[in-house]
Amino acid sequence: MSPAALPLLRIPVGIVVERRKADSPWADFVWRAVAVLPDEPVTKPWTVLREEDGKTLFYASSATVDLYSSETARYRDNLASGSPSIWIVLSPAEGAWPYSVAAATADPAEGEASTEAGANLVEAVPMPAVLRETIESFIAEHHVEREFFKRKRQQADPEVLARRQNEGGHE
């Protein structure tokens, strides 16, 4: 891994997951990430935090929100959105618990990309104020405005395209 690909800052967080009774003949429970704790609690993974009204909140485990200098524009967009979020990715697991915490990110594009793996559960949860302040400081220190360059395309030559078609080329 190149030094540029290493995170400049790693923020430890705790992940809270909710399990509620499903109103479905195909599943017993619905699982979703509901919160980020602004530090790693000294609690065992999958500790019950609260049970009420058919819902159980668990401290699922810890994760790190990694910050990269190349992604500061995305973090800035997240903070400017009006509802800054942390995207939590839960992946199917084998064992006592059906999911494990796969990732936590402040990068909206990374969070969205995690939805492509069909079995993952991805939730955007509110960003705690202390994380927002840390990310704001990171942006202030590391953000560099990059000028947008639009690529120029070469014009297609209709003569060459016509010859290729007549010579049995691809259509």
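Which residue stands opposite arginine 50 in strand 4?

Analyst: The residue opposite arginine 50 in strand 4 is leucine 57. The model is predicted, so local features need pLDDT of at least 70 and side-chain atom pairs count only at pLDDT 80 or more, while totals for chains, interfaces and linings use all residues. Residues are numbered from 1 along each chain as its sequence is written, and side-chain values use heavy atoms, with hydrogens and water left out.

The protein chain has 4 helices and 7 strands; helices (H or I, at least four residues) and strands (E, at least two) are DSSP runs numbered from the N terminus. Read from the N terminus on, the order of elements is β-β-β-β-α-β-β-α-β-α-α. Of the 171 residues in the protein chain, 29% count as buried (buried is under 20% relative accessible area, exposed is over 50%, and partly exposed is in between, with a 1.4 Å probe and protein chains only). Among the contacts in the protein chain between residues at least 6 apart in sequence, 63% join residues at least 24 apart (a contact means heavy atoms within 4.5 Å).

Strand 3 covers residues 47-52 and strand 4 covers residues 55-67, and the two pair in the antiparallel sense over 5 bridges (strands pair if DSSP finds at least two bridges between them). Another position in this pairing is threonine 47, whose bridge partner in strand 4 is tyrosine 59.

Strand 4 also pairs with strand 1, residues 9-21. Strand 1 and strand 4 run antiparallel and are joined by 12 bridges. Within that pairing, proline 12 stands opposite threonine 64 in strand 4. Strand 4 is largely enclosed by the rest of the structure, because 10 of its 13 residues are buried.

The connection between strand 3 and strand 4 deserves attention next. The two strands form a hairpin with 2 residues between them. Aspartate 53 lies in this loop between strand 3 and strand 4, and it has a positive phi of about 50 degrees although it is not a glycine. Most residues other than glycine have a negative phi. Aspartate 53 has a relative accessibility of 77%, and therefore it counts as exposed.

Tryptophan 46 lies in the loop between strand 2 (29-37) and strand 3. Although tryptophan 46 is not a glycine, its phi is positive, at about 65 degrees. In this case the relative accessibility is 14%, so tryptophan 46 counts as buried.

Strand 3 itself can be examined through valine 48, which has its place in this strand. Valine 48 has a relative accessible area of 41% and is therefore partly exposed. When its neighbours within four places in sequence are left aside, valine 48 is in contact with Thr56, Leu57 and Phe58. One of these, Leu57, is the residue that stands opposite arginine 50. Valine 48 can also be related to glutamate 18: these two residues are 30 apart in sequence, and their C-alpha atoms are 9.8 Å apart in space.

Arginine 74 is found in helix 1 and, with a relative accessible area of 38%, it is partly exposed. Apart from its neighbours within four places in sequence, arginine 74 is in contact with Asp107, Pro108 and Ala109. The C-alpha atoms of arginine 74 and alanine 109 are separated by 7.6 Å, and the two residues are 35 apart along the chain.

To return to the request, arginine 50 faces leucine 57 of strand 4, and strand 4 pairs with strand 3 over 5 bridges and is joined to strand 1 by 12 bridges.
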